[in-house]
Amino acid sequence: MLTRDARLKIPDQVVTRQVGDETVLLNLESGTYFGLDPVGSRFLELLQAEGALAAVIARMLEEFEVTEAQLEVDLLRLADEMLSSGLLEPA
């Protein structure tokens with residue numbers, strides 16, 4: 001199970017594209033396709049810049065009206081789902 005101390009990155013075989021205010025990810029090896037809403041897109045953008053989930057959570061707390069506990073649960077769930085789909089990997 002992931003914790004907020006995890007460091008993650010997008011694997012080389014995953015391509016990302018902005019489509020409007022959403023982000024689409026495609027794993028070229030598995031064919032897994034994943035769409036992120038604007039909040040998920042911001043998560044991915046910050047993850048690419050920061051690498052560490054703790055830093056992403058801190059930044060998103062400044063930008064969104066949400067409790068830290070709820071944000072952490074939501075982002076860990078999203079990151080875990082993306083990891084299991086091969087769309088993220090440990091950094």
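The residues lining the largest pocket divide into seven nonpolar, one polar and four charged; here Ala, Val, Leu, Ile, Met, Phe, Trp, Tyr, Cys and Pro count as nonpolar, Asp, Glu, Lys and Arg as charged, and the others, Gly among them, as polar. The model is predicted: local features need pLDDT of at least 70 and side-chain atom pairs pLDDT 80 or more, while totals for chains, interfaces and linings use all residues. Residues are numbered from 1 along each chain as its sequence is written, and side-chain values use heavy atoms, without hydrogens and water.

Select Asp-37, Val-39, Gly-40, Met-60, Phe-64, Val-66, Leu-71, Asp-74, Leu-75, Arg-77, Leu-78 and Glu-81 to show the lining. A pocket is an open set of points on a 1 Å grid over the protein atoms alone, where a 1.4 Å probe fits, with protein on both sides within 12 Å along at least five of seven lines; lining residues have an atom within 4 Å of a point. The volume is about 190 Å³, taken as the space filled by probe spheres set on the points.

Next, colour α1 (38-50) and α3 (68-84), each of which supplies at least two lining residues. Helix α3 gives the most, with six. Helices are DSSP runs (H or I, at least four residues) and strands likewise (E, at least two), numbered from the N terminus.

Stay on α1 and pick Glu-50. Glu-50 is partly exposed, at 30% relative accessibility (buried is under 20%, exposed over 50%, partly exposed in between, with a 1.4 Å probe and protein chains only).

Finally, go to Leu-28, in the loop between β3 (22-27) and β4 (33-36). Leu-28 is exposed, with a relative accessible area of 54%.
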